[in-house]
Amino acid sequence: MKYVIVYWSRYGNGKKVVNSLAGKLKEKEAETQMFTTDEANPTAMPPADTYIFSAPSESANIQKNMRKFMKNLQGMEEKKYGLINTHWMKKNRLAKMEKLLSKKKMIKVASVDFPIGKDANTGNGLMEGWEAKLDEFVGKL
Ligand SMILES: Cc1cc2nc3c(=O)[nH]c(=O)nc-3n(C[C@H](O)[C@H](O)[C@H](O)COP(=O)(O)O)c2cc1C
């Protein structure tokens, strides 16, 4: 299995999640490539069995670099994906991410959101139990 992870993270909370995810996938003997939204080209994505997109909520939406990245994706029809969203408000933005990718005719296999606590801007805002939640997500990929 090959996974491509594309993420955007301001304070490092989401980055911590995708780093941990990459480690867990490697433990499963999967090949994993990881890029920020700046490093990957949405019109020429490397081949993979499943793509993972991870971004925070910002200003009541998906963070704008990820939103733009998803809107610009090309040639992803029938490709599988998983979603990660970090957020500090009650509502997560997974549905918005899903809507953008359904326009690209991609197929969702799993999604997970991580509420961020008061230490969001230190990169230490993930709530207790986040790793178990991530394990559950990995189990669905
Ligand atoms: C400018 C800004 C706007 C934000 N707006 C929202 C928001 O509308 N809803 C929300 O749940 N969280 C919001 N947040 C919190 C971010 O989701 C949180 O800081 C982020 O998930 C932390 O992940 P990161 O460390 O990977 O950036 C906002 C954060 C910033 C900096």
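Biologist: What makes β3 and β5 a pair of strands, and in which sense do they run?

Modeller: The model here is predicted. In this model seven bridges join β3 to β5. Pairing needs at least two bridges, so the two strands pair. They run parallel. Thr50 stands opposite Lys80 in β5.

Biologist: How do you know that β5 also pairs with β6?

Modeller: Same test. Eight bridges link β5 and β6, in the parallel sense. The threshold is at least two bridges, so this counts as a pair.

Biologist: What kind of crossover takes the chain from β5 to β6, and what handedness does it have?

Modeller: The chain leaves β5, passes through α3 and reaches β6. That is a β-α-β crossover, and it is right-handed. The label applies because, with the strands pointing away from the viewer, the path over the helix runs clockwise.

Biologist: Which elements make the β-α-β unit that includes β1, and what is its handedness?

Modeller: β1, α1 and β2 make it, and the unit is right-handed.

Biologist: How do you know that β1 pairs with β2?

Modeller: Count the bridges. Six join β1 to β2 (residues 31-36), and these strands run parallel. At least two are needed, so β1 and β2 pair. In β2, Val4 has Gln33 as its bridge partner, and Ile5 has Met34.

Biologist: What links β1 to β3?

Modeller: Five bridges, again with the strands parallel. Val4 takes part here too: its partner in β3 is Tyr51.

Biologist: Why is β1 called largely enclosed?

Modeller: Five of its six residues are buried, so the rest of the structure largely encloses β1. Buried here means 20 or more other C-beta atoms within 10 Å.

Biologist: What makes β5 mostly covered?

Modeller: Seven of the eight residues in β5 are buried.

Biologist: How many residues are in the largest nonpolar core, and which have the most contacts inside it?

Modeller: The core has 32 residues. Ile5, Val6, Ile52 and Phe53 have the most contacts inside it. At least two residues come from each of several elements, including β1 (2-7), α2 (64-72) and β6 (107-115). β1 gives the most, with five residues. In soluble globular proteins, nonpolar side chains tend to be buried together.

Biologist: Which residues does Val6 touch, leaving out those up to four places away in sequence?

Modeller: Phe35, Thr37, Ala40, Tyr51, Phe53 and Phe69. A touch here means C-beta atoms within 7 Å.

Biologist: What does Met66 touch beyond four places in sequence?

Modeller: Trp8, Thr37, Phe53 and Ala55. Take Phe53: 13 residues separate Met66 from it in sequence, and the C-alpha to C-alpha distance is 8.2 Å. The contact test uses C-beta atoms, with a limit of 7 Å.

Biologist: How many residues surround the ligand, and which are the closest?

Modeller: 19 residues, with Ser9, Tyr11, Gly14, Pro56 and His87 the closest. The elements that give two or more residues to this shell are α1 (13-27), β3 (50-58) and β5 (80-87).

Biologist: What is the make-up of that shell by class?

Modeller: Seven nonpolar, nine polar and three charged residues. Gly counts as polar in this scheme.

How values were computed:
Residues numbered from 1 in each chain as written. Predicted model: local features only at pLDDT ≥ 70, side-chain atom pairs only at ≥ 80, totals over all residues. Near = placed C-beta within 6 Å. Helix = DSSP H or I, 4+ residues; strand = E, 2+ residues; numbered from the N terminus. Core = buried A, V, L, I, M, F, W, Y, C linked by C-beta atoms within 7 Å. Buried ≥ 20, exposed ≤ 12 C-beta atoms within 10 Å, placed from the backbone. Contact = placed C-beta atoms within 7 Å.
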